[in-house]
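Keep the viewer open as you read.

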Amino acid sequence: MANGESEVGADAPAGGFVQLLTPEGERVDSVTTADGTTYSVDFTDDEYKGLYHDLVTVRRLDGEALALQRQGELGLWASLLGQEAAQVGSGRALRPQDMAFPTYREHGVLYTRGIDPIMPFGLFRGVDQGGWDANEHKFNGYTVVIGAQTLHATGYAMGVTMDGKTGGPDGEAVIAYFGDGATSQGEVNESFVWSGVFNAPIVFFCQNNQYAISEPLERQTRIPLYRRAAGFGFPGVRIDGNDVLASYAVTRSALDRARQGEGPTLIEAYTYRMGAHTSSDDPTRYRIASEVESWKAKDPISRLRAFLTKQQIADDAFFAEVDEAAKTLALDLRERVLAMPDPAPVTMFDHVYPNGSPDLDEQRRQFADYQASFEGSEH
């Protein structure tokens, strides 16, 4: 199958998936799905190397974040370990005008949108609400309420249509990220209904990492998740979520459909959460070590490195350089996180309403008086 054409990927789950790079690092020229759509990529050597750089950097930053949480410097962290290819591939497929709506785990997509990696750390450290400009970066704020961002994304996508910004190659599209567990939420299914009926220019990107916290996939669905799209009247496609090339190719195609006015697509990125759901979770209570080990063989970074090596696109010096650059960036990030100032408690009132309110002013005054009552006391 390497360097050829295929209808499904190797080592696929029941029903197959789109795979352009095997776990052994072998390239597949193109994949044609049952609906006749053909997916492929045409990258330069530098672009392949750029994707590898992204994957390694994102993983290193994520690892630093988890270490900071374990050391008491963050209140919580949701790791993306194992899901880098799904996020980097789909993120790089976005055009500057496209808008993304993340959950609380899309650190890789955030990185591809050119946002300073420190931005979500203020949120998880509890010193701000995550202060990036969503309009400037076309990347909405992190959403902790499971599935709620799909409603926001659907409304935004409907607005794109109303503004006449679809129907051509330069149109706008929207992408909404969520996990397999979120597909059991009413908000997600309502978003499917509205998007399908109103032909909204949106891509629903489900990272099926096999577990909704502690519940395995078979507790969420009786059929592959991508097949749910048919019931709402739009296409669904499953990809190898550990394959950055498939993630890019399928997302790019779906976004093109959306901006051309052809409506929604559901992408199921079949991947695996290598770590815990969040830093407060213990995955050893609900999954076995052999399962984790089997997924290590499908690692998204290892397979791209194998491809780069086999094709003589990169050498050991390049890999060492990427590792060193990622380490330097992570250490810089650590120093900046530790230097974050703690906000005065009264500032919690600053951004509740854009123009303030008399009731809020009174609450602020009472809280300030309460805080001042402790000054100079033993408490």
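## Starting at S195

S195 is buried, with a relative accessible area of 0%. Keep in mind that this is a predicted model. The residue sits in helix α7, and beyond its neighbours up to four places away in sequence it touches T154, A200, I202, F204 and P264.

## The helix around it

Helix α7 covers residues 186-197, 12 residues in all. From first C-alpha to last it reaches 17 Å, close to the 16 Å expected at 1.5 Å a residue. Besides S195, the buried residues of this helix are V188, S191 and F192. Look down the axis of α7 and its buried residues fall within an arc of 105 degrees, so they line one face of the helix.

After α7 comes N199, with a positive phi near 55 degrees.

## A buried arginine

Is R259 buried or exposed? At 1% relative accessibility, R259 counts as buried, since the cut-off is under 20%. This arginine belongs to helix α9, residues 244-259. Its side chain reaches the backbone oxygen of G171 at 3.3 Å.

The contacts of R259, leaving aside neighbours within four places in sequence, include R95, Q97 and D98. They also include T166, G167, G168, P169, G171, E172 and A173.

N242 is found in the loop between β9 and α9. With a relative accessibility of 3%, N242 counts as buried too. The side chain of N242 reaches the backbone oxygen of K298 at 2.9 Å.

Which residue 219 places away along the chain has its C-alpha 8.4 Å from that of N242? It's P23. Setting aside neighbours within four places in sequence, N242 is in contact with G82, A85, Y270, T271, Y272, W295, K298, D299, P300 and R303.

## Helix α11

Some of those N242 contacts, including P300 and R303, lead us to helix α11, residues 300-310. Its buried residues are P300, I301, R303, L304, F307 and L308. They cover an arc of only 165 degrees around the axis, which puts them on the same side of α11. The buried residues of α11 pack against α1 (45-70), α2 (84-93), β9 (236-240), α9 and α12 (316-338).

Both ends of α11 deserve a look. D299 caps the N-terminal end, with a side-chain oxygen 3.0 Å from the backbone nitrogen of I301. D299 is also one of the contacts of N242. Just after the helix, Q312 takes a positive phi of about 55 degrees.

## Zooming out

The chain has 13 helices and 10 strands. With 379 residues, a compact globule would have a radius of gyration near 21 Å, and the chain's 22 Å agrees with that. Along its principal axes, the C-alpha trace spans about 75 × 50 × 40 Å.

Buried residues make up 52% of the chain. Among contacts between residues at least 6 apart in sequence, 73% join residues at least 24 apart. As for the surface, the chain exposes about 17,200 Å², and carbon and sulfur atoms supply 50% of it.

Definitions and conventions
Residues numbered from 1 in each chain as written. Predicted model: local features only at pLDDT ≥ 70, side-chain atom pairs only at ≥ 80, totals over all residues. Heavy atoms only, no water. Helix = DSSP H or I, 4+ residues; strand = E, 2+ residues; numbered from the N terminus. Expected span 1.5 Å × (residues − 1). Buried < 20%, exposed > 50% of the residue type's maximum accessible area, 1.4 Å probe, protein only. Arc of directions from axis to C-beta. Rg over C-alpha atoms; globule rule 2.2 N^0.38 Å. Contact = heavy atoms within 4.5 Å. Areas by Shrake-Rupley, 256 points an atom, 1.4 Å probe, with all protein chains shown as cover. Polar contact = N/O pair within 3.5 Å; in protein donor to acceptor, adjacent residues only side chain to side chain.
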